[in-house]
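Trainee: Could you walk me through reading the fold, the core and the aromatic contacts here?

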Amino acid sequence: NPVEFDYIVDPFTDNSSLVQDVYDCGVLNTTNAVYTMNQSINTGTTCLTVSANNITIDFNGYNINDTSPADSEYGVTTAYNQTTVKNGYIYHFGTGIYSTGYNGNYTNMTIYANGALGAGPNGYGVYLTKNNNFITNNNVTIINTVEVSLPFGIYLTGSSNNTIQNNLVNNNYGSSGGYGIYFASSSNNVLTGNTANSNSDTGIY
């Protein structure tokens with residue numbers, strides 16, 4: 001009779017190296033490290049949590065996918081400075097990238113969600129609360145199917161002196177509206193070369 005093998009992938013554990021492969025969701029906590037994905041990841045909760053300064057996450061063309069979308073789940077979340085997220089895909093999280101750090105760089109990402117992402121102002125592609133970040137060359141669409149919903153492609157609150165350049169932020173909508181790029185209590189931001197079409201309310205507000 002043929003022998004069947006079951007392969008079990010161990011959860012990701014940071015090994016403190018400055019160069020690490022990422023094969024599952026987990027906490028990234030080595031300062032100055034570069035983490036490179038070597039496969040796509042499916043999860044039912046928040047995936048990558050940054051817990052140190054100057055961390056780079058290179059998606060390397062792979063994706064992370066939330067199989068049970070909810071407003072409280074994040075693709076990548078960071079409260080640290082100098083976080084870089086680049087070169088991949090984030091699917092169906094309540095918030096694709098959530099940052100409360102300074103001097104981040106978020107580039108060449110496709111962030112897409114279509115699902116029940118929570119009632120009210122919920123469903124964010126990129127959410128920033130601090131200053132001096134770069135959001136460049138991304139493609140962001142958030143569709144919230146909850147009955148009373150208001151999604152945002154790129155959302156900044158209390159976030160100033162950022163560069164937002166060459167992003168496609170189209171088709172963001174929910175039952176109560178939707179915005180491409182939205183600024184709340186934010187100033188001195190530089191926008192160049194962005195496209196924000198077919199959003200429920202305003203492309204850039």
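We start with the chain as a whole and then go inside.

Mentor: Ground rules: this is a predicted model, where local features need pLDDT of at least 70 and side-chain atom pairs count only at pLDDT 80 or more, while totals for chains, interfaces and linings use all residues. Residues are numbered from 1 along each chain as its sequence is written, and side-chain values use heavy atoms, with hydrogens and water left out.

Trainee: How many helices and strands are in the protein chain?

Mentor: Helices (H or I, at least four residues) and strands (E, at least two) are DSSP runs, numbered from the N terminus. Here you get zero helices and 19 strands.

Trainee: What does the radius of gyration tell me?

Mentor: The radius is taken over C-alpha atoms, and the globule rule is 2.2 Å times the number of residues to the power 0.38. For 205 residues a compact globule would come out near 17 Å, and the protein chain has 17 Å, so the two agree. Its C-alpha atoms fill a box of roughly 60 × 40 × 25 Å along the principal axes.

Trainee: What share of the residues counts as buried?

Mentor: Buried means under 20% relative accessible area, exposed over 50%, partly exposed in between (1.4 Å probe, protein chains only). In this chain, 49% of the 205 residues are buried.

Trainee: Which residues touch the most other members of the largest nonpolar core?

Mentor: A nonpolar core is a set of buried Ala, Val, Leu, Ile, Met, Phe, Trp, Tyr and Cys residues joined through side-chain atoms within 4.5 Å. The largest one has 37 residues, and Ile57, Phe59, Val76 and Ile90 touch the most other members. Elements giving two or more residues to this core include strand 3 (34-37) and strand 11 (105-115). Strand 11 supplies the largest share, four residues. A second, separate core has eight residues, among them Tyr124 and Phe152.

Trainee: And what does Ile57 contact?

Mentor: Contact means heavy atoms within 4.5 Å. Beyond neighbours within four places in sequence, Ile57 is in contact with Leu28, Tyr35, Leu48, Val50, Val76, Thr84, Val85 and Lys86.

Trainee: How many aromatic pairs does a search of the whole structure find?

Mentor: Rings of Phe, Tyr and Trp (its six-membered ring) pair if their centres lie within 6.5 Å; planes under 30 degrees apart count as stacked, over 60 as edge-to-face and the rest as tilted. The search finds 16. One of them, Phe12 with Tyr35, is edge-to-face, at 6.3 Å centre to centre and 70° between the planes. Phe12 sits in the segment before strand 1 (19-22) and Tyr35 in strand 3, 23 residues apart. Phe12 is buried at 8% relative accessible area, and Tyr35 is buried at 0%.
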